[in-house]
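Okay everyone, thanks for coming. Have a look at the sequence and the model on the screen, and then I'll walk you through what I picked out.

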Amino acid sequence: DSIERFCILKNKIMSKVLTEAKNRYQKAMIIESVCLVVFGLLVALWQGKGAVDFGLGFICAFLPFLCLGFLVFFGKQDFSTKLTALYRGEAMKFMLTIVLVSVFFKWFYISHFILFFIGFFVALVLNNIIPFLLNRF
């Protein structure tokens, strides 16, 4: 009986934690989408055509982040399979990043490599900083 109550309590706590994380990552995805548009426009004003390269680099890091978030937080899973989904999602995120970078370099003419990788690293930084800041404030 006490084990059953413990399991129910544990599931309620996990549900609350996962709901908070889901809401935080949903906000992070929206904020990062806005950042993509704003930074892309700023780069377009400064560098013109280089904004496309910046945007492609940003998308290479942002799209896998979106896929991971949707797989882990918005997919239908039990609490026991969330950790497995996270590991699978991280592997998928890594592979999708490699595929996107390869596709963009093969089929798009990237003339400003520095802007491409600046966009990529800005997205990586935002992927980590935005959820952290949303957790603190």
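This is a predicted model: local features need pLDDT of at least 70, side-chain atom pairs count only at pLDDT 80 or more; totals for chains, interfaces and linings use all residues.

Asparagine 127 sits in helix H4. Is asparagine 127 buried or exposed? With a relative accessible area of 6%, asparagine 127 is buried, because buried here means under 20%.

Now let's zoom out. The chain has 4 helices and 0 strands, and reading along the sequence you get α-α-α-α. Of the 137 residues in the chain, 31% are buried. And if you take the contacts with a separation of 6 or more, 74% of them join residues 24 or more positions apart.

So what is in the middle? In general, nonpolar side chains in soluble globular proteins tend to be buried together. In this chain, the largest nonpolar core has 22 residues, and the ones with the most contacts inside it are Phe58, Cys60, Phe104 and Phe116. The elements giving two or more residues to this core are H1 (2–47), H2 (50–73), H3 (79–107) and H4 (113–136). Which helix gives the largest share? That's H2, with 9 residues.

Next, cysteines. Cysteine 35 counts as buried, because its relative accessibility is 16% and the cut-off is under 20%. Cysteine 67 has a relative accessible area of 27%, so cysteine 67 is partly exposed. How many disulfides does the model have? By the rule used here, the count is 0.

Last stop, the outside. The chain exposes about 9,100 Å², and carbon and sulfur atoms supply 71% of that. There's a nonpolar patch on the surface made of Ile30, Val34, Val38, Leu42 and Leu45, and together they have about 510 Å² of accessible area. Take leucine 45, which lies in helix H1. Its relative accessible area is 73%, so leucine 45 counts as exposed, the cut-off being over 50%.

Methods:
Residues are numbered from 1 along each chain as its sequence is written. Side-chain values use heavy atoms; hydrogens and water are left out. A nonpolar core is a set of buried Ala, Val, Leu, Ile, Met, Phe, Trp, Tyr and Cys residues joined through side-chain atoms within 4.5 Å. Buried means under 20% relative accessible area, exposed over 50%, partly exposed in between (1.4 Å probe, protein chains only). A disulfide is a pair of cysteine sulfur atoms within 2.5 Å. Patches are made of residues with over 30% relative accessible area and no salt bridge: like charges are joined within 9 Å, nonpolar side chains (Val, Leu, Ile, Met, Phe, Trp, Tyr) within 5 Å. Accessible areas come from the Shrake-Rupley method with a 1.4 Å probe; for residues, only the protein chains shown count as cover. A salt bridge is a side-chain nitrogen of Lys or Arg within 4 Å of a carboxyl oxygen of Asp or Glu. Contact means heavy atoms within 4.5 Å.
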